[in-house]
Amino acid sequence: MLIEPMKASILGRVQKKGLLELHIHNLRDFSTDKWGKVDDYPFGGEAGMVLAIEPIERAINSLKAERHYDEVIFTSPDGETFKQATANSLSLMENIIILCGHYKGIDYRVREHLITREISIGDYVLTGGELAAAIITDAVARLLPGAIGDAESALSDTFQDNLLAPPIYTRPANYNGWEVPEVLLSGNQAKIDEWKLQQSLKRTEELRPDLLEE
Ligand code: SAH
C-alpha cells in the first residue's frame, strides 16, 4: 500500500534528490511469534482485532536506538485534524515516526505511553493508517525546500494564509471563446497581484468563510 506510491512522481523525486528519507517498516518483523502475529482479541469481548503492544514497542525502540525522533505520531480518526499548519510544522522536523493502526485499532497503552501526537486526516474511518500516513508524508514532502520547482509555489497554495488560491490559467488565452481574465495578460504585476488577492478573498468568502474567521 505504501511502497509504490512513495516512489512515484514528486515524492519519488524528493527522495532521489536526498531531501527526504523514507523507511517503511513491517510490524511483523518485530513480532516474537514464529508466524509473525501482531494482533490479538480485545479484552472485554468487542468485535475486531487489536494490534498488540509488544511488537509496536519493539519497533519504536529499535528506531529510537538509531536516532532521535521529534515526534512519534499515531494515525487515528480521533486525533487532531491534519491541516496545512500541521504539515508546515512537521516539515521543519528532523525525524518522525508515523505509526499506522489496523483492524479495530491498537492497544490503548501504546497511545498513552509511546505516542507523542495523534493525527486524523478527516472525519471518516479507513481500514488502516497507511493511506493517512501517505497523505501526511506527501503534504510534508512538497514543503521541503527544493521539493517543488518554484520556491514560492508552496507558499502561495490554498490554506497557506487561510485563503483559497486564486484561479489559474494557461495558454491559449482564448479557447473556443472562453477567455482568460484580461488583467492576467496586462503585464502589470501590481494589478495582477491585486486581482489575485481579491479573487482569493472572494473565493474564500464564498466557499470557506470559516477560514476567514480563523
Ligand atoms: N476503531 C477505531 C477505528 C479503526 S480503523 C475507531 O473507532 O476510532 C483502523 C486504523 O485506521 C486506525 O487505527 C487508524 O490508524 C487508521 N485510520 C482510520 N481512519 C483514520 C483517519 N480518519 N485518520 C487517520 N487514521 C485513520
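Where is the place of F159?

1. F159 lies in the loop between α6 and β7, where helices (H or I, at least four residues) and strands (E, at least two) are DSSP runs numbered from the N terminus. Its phi is near 80°, a positive value in a residue other than glycine. The loop between α6 (130-141) and β7 (174-175) is also the place of P172, and a cis peptide bond, with omega about 0°, joins R171 and P172.

2. On provenance, this is a predicted model, in which local features need pLDDT of at least 70 and side-chain atom pairs count only at pLDDT 80 or more, while totals for chains, interfaces and linings use all residues. Residues are numbered from 1 along each chain as its sequence is written, and side-chain values use heavy atoms, with hydrogens and water left out.

3. The shell around the ligand has 20 residues, of which T75, G101, K104, Y124 and L126 come nearest; a residue is near a molecule if one of its heavy atoms lies within 4 Å of it. The shell divides into 9 nonpolar, 10 polar and 1 charged, with Ala, Val, Leu, Ile, Met, Phe, Trp, Tyr, Cys and Pro counted as nonpolar, Asp, Glu, Lys and Arg as charged, and the others, Gly among them, as polar. Strands β3 (71-81) and β6 (117-120) each supply at least two residues of this shell, and β3 gives the most, with 4 residues.

4. An open sheet of 3 strands has the order β1-β2-β5 with mixed pairing, where two strands pair if DSSP finds at least two bridges between them. The edge strands, each pairing on one side only, are β1 (39-40) and β5 (105-106). Strand β1 is joined by 2 bridges to β2 (residues 50-51), and the two run antiparallel, with D39 standing opposite L51 in β2.
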